[in-house]
Each structure stands twice: as C-alpha cells, then as structure tokens.
Amino acid sequence: MDHILVIDDDPEILELLQQFLQRQGLQVSTGASGDDLWAALEDNCYDLVILDVLLPGVDGLTLCRELRAKSDVPIVILTALDEETDRIVGLEVGADDYLVKPFSPRELLARIRAIFRRAALGSRNGVQNEPKVFTFEQFRFDVTKHELRAPNDVVIHLSRTEFDLLRLFVKRSHEAIDRNDISEHLRGHELGAFDRSVDLHVSRLRTKLAPLLGVEDFIRTIRGTGYMFTLDVDVLK
C-alpha cells in the first residue's frame with residue numbers, strides 16, 4: 001500500500017485529506033509543521049509527500065528545498081490562489097507538482113495517481129522495453145539504476161521529475177517535443193493556459209547540468225512548440 005505524508009497546519013484539511021485518501025486505498029500520515037515532517041521521515045519511508053506552503057516556523061518552500069536535497073521522494077505543494085510566486089518557486093526548488101487552494105480532493109488524487117503511474121511505468125520500461133543505458137558528452141545515464149554519472153565518475157543527484165524529464169529528452173534527442181507532451185509525460189495531464197511548470201522543470205535541469213556539461217544550449221527552446229535536446233546520444237544497452 002502506498003504511504004503518503006501530508007503536512008498542513010489546517011486540521012480540517014488534514015482530516016479531510018486523510019479520510020478521503022484512505023478511502024481510496026492509500027495509507028496516510030499527517031503533520032502540521034516542519035518538525036512533524038522530519039520526525040515522520042525518521043520513523044517511516046513515504047511514497048509521496050504533500051506540503052502546504054504556509055506552515056508555522058519553517059515554511060513549506062524551505063522544507064521542500066531541504067527535503068529535495070536529501071531525497072527524490074515525489075513532492076506536491078499546496079499554495080494559495082493568488083500566490084503565483086509560491087508555485088514558481090516551489091517547482092524551482094524541486095516540487096514535482098502543485099495544487100492551488102481551494103482544490104478538489106479528487107484533483108489531488110488524480111495528481112497522486114499520475115505520479116505513481118509514471119513511476120511504475122518507468123520501472124517496467126527500464127526493465128523490459130526501452131534501452132537501459134545512454135551516453136552523451138561522456139556522461140552515462142542508467143535508467144535501471146536511476147543514475148546519471150559524470151565523466152569523473154561522480155553521481156549527479158536527480159529528483160524523480162528531473163530524471164523523468166532527462167529520460168524523455170535522451171530518448172527523443174534532436175526532436176522538438178511539445179510542451180503539452182512533456183507535461184503529459186511528467187504530470188499526467190496537459191498544461192493549463194498560464195501553467196509554467198514545464199518551463200520551470202526544464203530550467204531547473206538546465207541549471208543543474210549546464211555547468212557540468214560545459215554546454216549552455218543542450219536543451220534548446222523551440223518557439224511555439226517546446227524544447228529539443230541537442231546533444232548526440234548513444235545507446236549502450
């Protein structure tokens with residue numbers, strides 16, 4: 001049974017989400033602060049964390065950044081309706097997805113299932129169908145091991161979303177990929193009219209890898225379409 005940790009200082013939201021998600025067959029633990037988050041993570045392993053941005057003490061965005069530095073567990077952030085900055089920063093610091101309050105619990109469930117479905121599909125494909133190891137610019141990208149290794153043999157940490165995005169790019173190198181296709185791959189649904197989540201995930205991957213590759217334009221923006229991975233990719237096995 002998938003285990004979800006929900007951190008929100010609103011007891012009504014915690015009770016609502018816990019009851020709803022448990023009825024959907026999920027195990028749910030809750031907390032109301034950053035201290036609760038770290039205490040819960042010491043005691044258990046979780047398949048997904050839901051973080052409210054506005055928390056007492058350390059805010060949810062800071063917690064998201066700190067958690068992402070330690071773990072690739074999927075993170076969904078909850079933000080206020082008028083706080084676009086929170087949504088942008090949340091994705092920049094490593095959140096996999098976000099929902100704006102007020103939201104439907106069914107919409108949250110759909111996002112959770114999309115994340116789990118993507119992880120399961122990636123695991124099956126890594127074992128059975130797709131090539132397992134790619135190389136580009138002397139970097140080694142191992143799908144099965146969930147690992148990107150630099151030429152000096154140092155492993156580069158990637159969040160689950162960064163890993164999925166890079167896997168899509170290396171599989172479709174030199175191909176213009178529509179932003180909606182990327183969103184479907186990463187989040188299980190198309191972009192909304194003003195949704196910048198794909199752009200932010202691409203920006204985060206660029207920022208992480210460009211200094212290591214020594215190439216600025218390895219992910220090229222294709223105006224009116226989306227993005228293209230410009231490096232030559234070889235398949236080892």
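Two strands are taken to pair where DSSP finds at least two bridges between them. In the predicted model described here, β11 and β12 (residues 226–229) meet this condition, with 4 bridges in the antiparallel sense. Within this pair, I219 stands opposite F229 of β12.

The two strands belong to an open sheet of 3 strands, ordered β10-β12-β11, in which the pairing is antiparallel. Its edges are formed by β10 (177–178) and β11 (219–222), each of which pairs on one side only. Two helices lie across strands of this sheet. Helix α6, spanning residues 160–171, lies across β10, β11 and β12, and its direction makes an angle of about 70° with β12. Helix α8, spanning residues 197–213, lies across β11 and β12 and runs at about 150° to β11.

A further set of pairings involves strand β6 (residues 133–136). β6 pairs with strand β7 (residues 139–142) in the antiparallel sense, over 4 bridges, and T135 stands opposite R140 of β7. The two strands form a hairpin with 2 residues between them. In the turn, E137 has a positive phi of about 50°. β6 is also joined to strand β13 (residues 234–235), by 2 bridges, and these strands run antiparallel. Here F134 stands opposite V235 of β13. The side chains of β6 point in two directions: V133 and T135 one way, F134 and F136 the other. All of these residues are buried.

Helix α3 (residues 60–70) has a buried set consisting of G60, L61, L63, C64, L67 and R68. These residues are on the same side of α3 because they cover an arc of only 155° around the axis. An α-helix has 3.6 residues a turn, so residues three or four places apart point the same way. A69 and K70 are exposed and lie on the other side of α3. At the N-terminal end, α3 is capped by D59. A side-chain oxygen of D59 lies 2.9 Å from the backbone nitrogen of L61, and L61 is itself among the buried residues of the helix.

Key. Residues are numbered from 1 along each chain as its sequence is written. This is a predicted model: local features need pLDDT of at least 70, side-chain atom pairs count only at pLDDT 80 or more; totals for chains, interfaces and linings use all residues. Side-chain values use heavy atoms; hydrogens and water are left out. Contact means heavy atoms within 4.5 Å. Axes are lines fitted to C-alpha atoms, for helices over the stretch in contact, and angles run from 0 to 180 degrees between N-to-C directions. Buried means under 20% relative accessible area, exposed over 50%, partly exposed in between (1.4 Å probe, protein chains only). The arc is that of the directions from the helix axis to the C-beta atoms. A polar contact is a pair of N or O atoms within 3.5 Å; within protein, one must be able to donate a hydrogen and the other to accept it, and residues adjacent in sequence count only if both atoms are side-chain atoms.
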